[in-house]
Amino acid sequence: MIRINENYTKLAASYLFADIARRVNAYTAAHPDRPVIRLGIGDVTEPLPAACVEALHAATDEMAQRATFKGYGPEQGYAFLRELVAQRDYADRGCAIGPDEVFVSDGSKCDSGNIQEIFATDIRLAIPDPVYPVYVDTNVMAGRTGACVDGRYEGILYLESTAANSYVPAVPQAPADLVYLCFPNNPTGAVATRQQLAAWVDYAKRNRAVLLFDSAYESYIRDPAIPHSIYEIEGARDVAIEFRSFSKTAGFTGTRCAYTVVPKTVVAWDREGRPHPLYALWNRRHTTKFNGVSYPIQRAAAAVYTKEGRIQTRALTDFYLGNAELIRSAMGRLGFPCVGGDNAPYIWVNIGRDSWEFFDLLLERAQVVCTPGAGFGKCGEGHIRISAFNSRANVEQALERIAAALK
Ligand SMILES: Cc1ncc(COP(=O)(O)O)c(C=O)c1O
């Protein structure tokens, strides 16, 4: 008799955004005359930068000619992209990362979800609350947790991000082996200072732990004092893996390109206490289970690093940050304390009441979709996330509707 992986039955509810979509679809089916504005799911709305589109067209033309056609590429990504990443995203910021330590992929969702495969099942996990749900769910699926009791899985050390710690969790007293960190944070938009990140690197060294640093929103950082990469912290090369994505930097959510950095110096141990470079394990996993991002898409990603690409992607992130500023000040005027939106495309609004109830209220009275904070973890209760990814006209209209609905 074929049996299922019963860990899947431990998953608390359907995926957050599927839940939201179900409620929004039910509402629009019942009220087809009331168009909703979506500031919920973190998907971009603006078209690809012209430099990327041009590169995509040119690479597609190459694929149409026998002489320049490309079949399978290197699973880890073409050298032209890995070299640009190593130079521009790391060397230029003083971080020593080699091109061969960069693994190009079709998304940070897959990478941050798949990375747990290379670790033992009985390790101790530390995961922020609230945070991008993929980290928790993929570990539940892999059997690293117990049951979900009162909104929390047994076996996870939750790193609580609340108003009391300005939504940046401090290093815990308790030890953990694998620590997920996400800065700028989804959903809170909070960023970590150099000092806070240094405390995590120190924690990892003391506990022989590994940090998984998700910086998918790095390109939204505007405060010059905030590190863009964990590798800006001394010693991080020995303890940290970093995830980056072109999704929010250059509008690649539908195009799909990201990368993961696994320095050759990061190790984890086997049962006998022998160290193993995680680079070798991830390389094995990646080359066995992944066949590379398509050539035209990698060329489009490489165009982000051209002079025009830099200017255009900066204009894109500036545009969304302009939306974020409008959202944050409008919600502030309505009396809600907010964080985020200044170095991240998300505004975390402290609504002080049930977040799904507030979600329904905004949907029904303002036809605006936000994301209920409870979907990101227990500490997300009492908050909503508003995303800055939309047109200026839609953001302005949504804010007018919210103000009218909450009068
Ligand atoms: C923190 C975080 N990491 C990763 C991702 C996924 O990025 P990608 O589109 O590269 O899969 C997201 C997307 O919303 C995210 O919020």
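Ala, Val, Leu, Ile, Met, Phe, Trp, Tyr, Cys and Pro count here as nonpolar, Asp, Glu, Lys and Arg as charged, and the others, Gly among them, as polar. By that scheme the lining of the largest pocket has 19 nonpolar, 7 polar and 6 charged residues. The model is predicted: local features need pLDDT of at least 70, side-chain atom pairs count only at pLDDT 80 or more, and totals for chains, interfaces and linings use all residues. Residues are numbered from 1 along each chain as its sequence is written, and side-chain values use heavy atoms, with hydrogens and water left out.

Start with the pockets. Rolling a probe the size of a water molecule over the atoms shows where empty space is left. A pocket is an open set of points on a 1 Å grid over the protein atoms alone, where a 1.4 Å probe fits, with protein on both sides within 12 Å along at least five of seven lines; lining residues have an atom within 4 Å of a point. A volume is the space filled by probe spheres set on the points, which are joined across faces, edges and corners.

The largest pocket has a volume of about 710 Å³. Its lining counts 32 residues, and A12, P133, D137, Y153 and G375 lie nearest the centre. Helices (H or I, at least four residues) and strands (E, at least two) are DSSP runs, numbered from the N terminus. Helix 1 (16-30), helix 4 (108-114), strand 3 (125-129) and helix 5 (134-141) each supply at least two lining residues. Helix 5 gives the largest share, 5 residues.

The second largest pocket has a volume of about 550 Å³. Of its 20 lining residues, A120, I123, A268, W269 and D270 are the closest to its centre. Strand 11 (267-269) and helix 8 (278-289) each give two or more residues to this lining. The largest share, 3 residues, belongs to strand 11. By class, the lining of the second largest pocket has 11 nonpolar, 3 polar and 6 charged residues.

D270 leads on to the charged pairs. A salt bridge is a side-chain nitrogen of Lys or Arg within 4 Å of a carboxyl oxygen of Asp or Glu. The structure holds 24 of them. D270 pairs with R274, with the closest N and O atoms 2.9 Å apart. Buried means under 20% relative accessible area, exposed over 50%, and partly exposed in between (1.4 Å probe, protein chains only). D270, at 22%, therefore counts as partly exposed. So does R274, at 47%.

R237 meets E101 in another salt bridge (2.8 Å, N to O). This pair links distant parts of the chain, 136 residues apart. R237 is partly exposed at 24%, whereas E101 is buried at 5%. R152 and D129 also meet in a salt bridge (2.5 Å, N to O). Here R152 sits in strand 5 (residues 152-153) and D129 in strand 3, 23 residues apart. Both are buried.

Last comes the nonpolar interior. A nonpolar core is a set of buried Ala, Val, Leu, Ile, Met, Phe, Trp, Tyr and Cys residues joined through side-chain atoms within 4.5 Å. The largest has 90 residues, and L81 and L211 have the most contacts inside it. Helix 11 (residues 355-366) gives the most to this core, with 7 residues. Apart from it lies another core, of 29 residues, including I115, L212, I241 and Y279.
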